[in-house]
Amino acid sequence: MTTLDLSVIALAPGQLPFRLEHLPPPVYFVGGTVRDALLQRQRPDFDVDCVVPRDAIATARSLADAYEAGFVVLDAERQIARVVFPNGTVDIAQMVGDSLETDLQRRDFRINAIAYDPHAQELFDPLDGIADLEAGVIRMVAKANLRDDPLRILRAYRQAAQLNFTIKPKTRAALRKYAPQLTTVAGERVQAELNILLSTAHGADGIEAADHDGVLHLWLPMITPAAIAHLRQVEQVAWLLGKIWDEFSTELTASVTPTALSRLSLAKLACLLAPAPEAIAPTLAALKYSRLETRAVETALRHLPPLLGLADQEMSLAEQYFLFQSVGDVFPIAVVLAVAIASSQDILRETRAVGIIAPLVNAYLDPNSQVAHPTPLVSGTDLIKHLSLSPSPQVGTLLTQIQLARLEGTVTTAQEAIAFAKAQLPSL
């Protein structure tokens, strides 16, 4: 047992979102909660994991009632429940085994097998997890623990990337040995770990190591060294584009839906899938990605050829218009991919690639751009009324021709648009 020092002040009573009296002893904070406090890692929201020797669900219910917080039973059989506060969560689980040390012995890695008693303000570190934290290494507690929950195999690479730690050789050998068991894990759990790798600064290192060790092969068999190189380049390109256009950086960090990955993370995911476009839909379906996320990846990769083709030939206004109409809000993903691939394959230097793509980015970021964000001079109803037409695909064709004429400057008003459409009718 180790007395609390300032390194875990984040777990001090005054820093918690609840009073300790609502978690009567004995109670222990465990896992990533303690690890991150010792590393002084800041989390955007608090995330506390606790173990208690008995009555875990009842303890969680009591805490939730005291603060009128949300309450969810995560696993009734294993006695695990979650209390949801406005700015974070507290998970309370029944201790595994008949002692705290037995519980810690069943955890994944030694750095996560440290416990903290908030009442006594003492650390319990029977497996020398603090020493591994100081050394910056990830070491398994036991091989059997990896077999019990194979997701821990991928989690090792994720945590190594997040913490910029090194996986110990014997642990890495065990990860390779049990890698095939990762296929028994639910796709959404694998996706959650992969998403963190896609969104963390050193995620490419983790993905490359996991792929090298055969951990990702059964879920993402199409990954190639070139795909990893493109993924690494995406991060650099995103930084460069953000330095030039602040708004573009905002677009990349946003997502296509509130629950989806950021566009930047989707660009990285697209890099991994690019070598096998025909496998995108089934692969992402197996990993339980949403239809919108799948559509975003497919759309971005489908528009790579015309964007890469800008190195040899400029797009006409009409070609730009049709590109924007087709790519929609996936444009930032397609652009960062195109520049990353062009520069990593030495098709173009980064700065030249950015210069070539700049007119399209400027158009996308300009809400008044008729190329990227057209505002019709007339509607289909207007054409039907003034030209005595019946609803048909012909109306849509006329609207497109009007917009193209507007881009060329030959049509500027609604009246001119109607006259232009009337003149096109004989040829349709």
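**Backbone, packing and burial**

Analyst: To start with the loops, Pro-26 sits in the one between strand S1 (2–3) and strand S2 (28–30). Bear in mind that this is a predicted model.

User: What kind of peptide bond joins Pro-25 and Pro-26?

Analyst: The bond between Pro-25 and Pro-26 is cis, with omega at about 0 degrees. For context, most peptide bonds are trans.

User: Which residue has a positive phi although it is not a glycine?

Analyst: Gln-121 is one of them, with phi of about 55 degrees. Asp-128 also has a positive value, near 60 degrees. Most residues other than glycine have a negative phi.

User: Where do Gln-121 and Asp-128 lie?

Analyst: Both are in loops. Gln-121 is in the loop between strand S7 (115–117) and strand S8 (122–124), and Asp-128 is in the loop between S8 and helix H4 (129–135).

User: How does Gln-121 count by relative accessibility, and what about Asp-128?

Analyst: Gln-121 counts as partly exposed because its relative accessibility is 32%, and Asp-128 counts as partly exposed at 47%. The band for that class lies between the under 20% of buried and the over 50% of exposed.

User: Switching to helices. At what angle do H11 and H18 pack?

Analyst: Helix H11 (residues 246–253) and helix H18 (residues 350–365) pack at about 75 degrees, and their axes are 10 Å apart. H11 and H18 therefore count as roughly perpendicular, a class that covers angles of 65 to 115 degrees.

User: Which residues meet there, in H11 and in H18?

Analyst: From H11 they are Glu-247, Phe-248 and Glu-251, and from H18 they are Val-361, Tyr-364 and Leu-365. By class, the contact of H11 with H18 has four nonpolar residues, two charged and no polar.

User: And H8 with H12, what angle there?

Analyst: Helix H8 (residues 187–199) packs on helix H12 (residues 263–273) at about 110 degrees, with the axes 9 Å apart. H8 and H12 are therefore roughly perpendicular as well. H8 contributes Leu-194, Leu-198 and Ser-199, while H12 contributes Ser-265, Lys-268, Leu-269 and Leu-272. The contact of H8 with H12 divides into four nonpolar, two polar and one charged residues.

User: Thr-33 next. Is it buried or exposed?

Analyst: Thr-33 is buried, because its relative accessible area is 6%. Thr-33 belongs to helix H1 (residues 32–38).

User: What does the side chain of Thr-33 reach?

Analyst: The side chain of Thr-33 reaches the backbone oxygen of Asp-47, at 3.0 Å. Beyond its neighbours within four places in sequence, Thr-33 is in contact with Leu-11, Arg-43, Asp-47, Val-48 and Asp-49.

User: Then Leu-307. Where is it found, and what does it touch?

Analyst: Leu-307 is in helix H15 (residues 304–308), and Leu-307 counts as buried because its relative accessibility is 5%. Not counting residues up to four places away in sequence, Leu-307 touches Met-315, Leu-323, Ala-334, Val-335, Ala-338, Ile-357 and Leu-360.

User: How many residues apart in sequence are Leu-307 and Ile-356?

Analyst: Leu-307 and Ile-356 are 49 residues apart in sequence, and their C-alpha atoms are 9.4 Å apart in space.

Conventions
Residues are numbered from 1 along each chain as its sequence is written. This is a predicted model: local features need pLDDT of at least 70, side-chain atom pairs count only at pLDDT 80 or more; totals for chains, interfaces and linings use all residues. Side-chain values use heavy atoms; hydrogens and water are left out. Axes are lines fitted to C-alpha atoms, for helices over the stretch in contact, and angles run from 0 to 180 degrees between N-to-C directions. Helices (H or I, at least four residues) and strands (E, at least two) are DSSP runs, numbered from the N terminus. Angles under 35 degrees count as roughly parallel, over 145 as roughly antiparallel, 65 to 115 as roughly perpendicular and the rest as oblique. Contact means heavy atoms within 4.5 Å. Ala, Val, Leu, Ile, Met, Phe, Trp, Tyr, Cys and Pro count as nonpolar, Asp, Glu, Lys and Arg as charged, and the others, Gly among them, as polar. Buried means under 20% relative accessible area, exposed over 50%, partly exposed in between (1.4 Å probe, protein chains only). A polar contact is a pair of N or O atoms within 3.5 Å; within protein, one must be able to donate a hydrogen and the other to accept it, and residues adjacent in sequence count only if both atoms are side-chain atoms.
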